[in-house]
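Good morning, and thank you for coming. Please look at the sequence and the structure on the screen while I speak about some of the charged residues.

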Amino acid sequence: MCPDKNKVSYHTINEIQGQPGLWKDTFQALQSDDSRIRDFLTRWTKPERLQIVLTGAGSSAYIGESVEHLFRFHPGVTARAVSTTTLVTHFKNHVDPSVPLLLISFARSGNSPESMATVDIAEKNCDELHHIAITCNPSGQLAQMIGERSDGLKLVLPPASEDQGLAMTGSFTAMMLTAIYLSKLTAGTNASSHNEIEHASEMASQILKSGSSHLKSYAEKPFRRIIFLGSGPLKGIARESQLKVQELTDGSVVGKYDSFLGFRHGPKAVIDSQTLVVFLFSPDEDTFRYEKDLAEEVLREETAKACIGIFAGQQQSEELNLNLNLVLCPDKNPVPSEYNLLPYVIPAQLLGYYKSLESGLNPDSPSVNHSISRVVQGVTIYR
C-alpha cells in the first residue's frame with residue numbers, strides 16, 4: 001500500500017539518517033562542557049554509599065536499562081534503571097530514602113507529567129538528593145527545574161536531537177551517548193575518545209548505506225509480529241527496538257522482546273509464519289555462544305517468516321556464519337567500546353519507518369486515532 005504523499009512528511013527518516021552526525025555533535029558539546037560536568041560529579045558522587053537511579057518514561061526509560069551496568073563504578077554504589085511510571089506509584093519500593101540518591105532523568109521534551117512528579121516525590125522522600133537531567137528541550141519543564149538547582153546538573157543536547165517525528169530516534173541515541181559519557185567520567189576513565197565515537201558513527205553509516213534497501217525489502221513482506229532478542233545491555237536495546245516498530249506501524253505489527261536465554265522459557269511460543277525475528281548479537285564471545293545456540297534452534301524449527309542478525313563490534317570470523325535470511329555486520333575492524341551499543345537500534349528504526357510507509361501511514365504521525373503522542377497526555381498526578 002502506498003501512502004498519500006500529501007500526508008507524509010519526512011522528519012523521521014531525516015532524523016534516523018542524521019544520527020551519525022548527531023553523535024559527533026553531541027560528543028563535541030559534551031567535551032566543551034567537560035569541566036562543568038566533572039565539577040558536578042566531583043562534588044556529588046563521592047560518598048561512601050550512593051544509589052543511582054536512571055529514569056524516564058517509554059523510550060527514555062529504556063536508555064537506563066541499556067546503560068545501568070556502566071554506573072556501578074564503586075563498591076558502595078548501586079545503579080538501577082527504574083521508569084518514572086513506576087516511581088510515581090511505587091517510589092519507596094525502589095529507593096532507600098536514607099541513602100544519598102543521584103537521580104538521572106532522561107527526557108526528550110522534559111514535559112512528561114511523570115518526569116516532574118518523580119522529581120517532586122524524590123524531594124519529599126529523600127534525605128539527600130542530587131539530579132542530572134539529560135534532555136533535548138532547553139525550554140522543557142525538567143530542564144527549567146533542574147537548571148535552577150545548586151544540586152542539579154542540566155545537560156541539554158544539540159537542537160537536532162529533539163525529534164520532530166512521533167517516534168524517538170536521534171533523541172534516544174543522543175541521550176544514551178550522553179549517559180555513556182557520564183558513566184566514564186563517574187568511573188574516572190577517559191570519556192574523550194574521538195576514535196570510539198567515529199567508529200560507532202561509521203558503523204551506523206554503514207547500516208544506513210548498505211542495509212537500508214535490504215531492511216526495506218523485509219519491511220515490505222507480510223508479517224504481523226516482530227521479536228527482538230538481546231542479552232545484557234542489548235536487552236534494553238531490544239525493548240526499544242520492538243517499541244519503535246510497534247509505534248511506527250500504529251500497532252499493526254505487534255512487537256515483543258526478550259533475552260536469548262529467557263526466550264526459551266515460554267515466549268518462543270509466539271513465533272509463527274507471520275513473525276520476523278531479529279537477533280542483536282553480543283560482541284562478548286562467551287555470551288555469543290549462548291546466543292548462537294538459540295539462533296540455530298530457531299532456524300532449525302523453520303517457523304519464523306525470516307530471521308535477521310545484527311552484529312556490531314564483533315570480530316568477523318567463521319563462527320558468526322549462521323543461516324540467517326539477512327546479516328548486518330558493519331564492523332570490519334572492531335574497536336571495543338561502550339559506544340558500540342548505539343548502532344544496534346538503527347535497524348529497528350528503519351524497519352519501523354519502511355513498514356509504516358508500506359502500511360499507508362505517515363511515519364511522522366502514524367497514530368491514526370491519536371492514541372499516542374510525542375508528549376503523553378491524560379495523566380493525572382495525585383499528590
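I begin with K216 and E220, whose side chains meet in a salt bridge, at 2.6 Å from N to O. A salt bridge here is a side-chain nitrogen of Lys or Arg within 4 Å of a carboxyl oxygen of Asp or Glu. Side chains of opposite charge can pair when their charged atoms come close. By this rule the count comes to 21 salt bridges. Salt bridges that share partners also join R264, K268, E297 and E301 into one network.

A word on the origin of these values: this is a predicted model, in which local features need pLDDT of at least 70 and side-chain atom pairs count only at pLDDT 80 or more, whereas totals for chains, interfaces and linings use all residues. Residues are numbered from 1 along each chain as its sequence is written, and side-chain values use heavy atoms, with hydrogens and water left out.

K216 has 33% relative accessibility, so K216 counts as partly exposed. E220 is partly exposed as well, with a relative accessible area of 40%.

The next pair is K184 and E196, with the closest N and O atoms 3.7 Å apart in their salt bridge. K184 lies in helix α8 (residues 170-186) and E196 in helix α9 (residues 194-219), so this pair ties together parts that are twelve residues apart in sequence. Helices (H or I, at least four residues) and strands (E, at least two) are DSSP runs, numbered from the N terminus. K184 is buried, at a relative accessible area of 9%, and E196 counts as buried at 14%.

R43 forms a salt bridge with D39, in which the closest N and O atoms are 3.3 Å apart. Both residues lie in helix α3, four residues apart, which is about one turn of the helix. R43 counts as partly exposed at 43% relative accessibility, and D39 is partly exposed with a relative accessible area of 43%.

Helix α3 (residues 34-44) also contains D34. Which residues does D34 touch, not counting those up to four places away in sequence? They are Y181 and L185, where contact means heavy atoms within 4.5 Å. D34 counts as buried because its relative accessibility is 14%.

Definitions and conventions: Buried means under 20% relative accessible area, exposed over 50%, partly exposed in between (1.4 Å probe, protein chains only).
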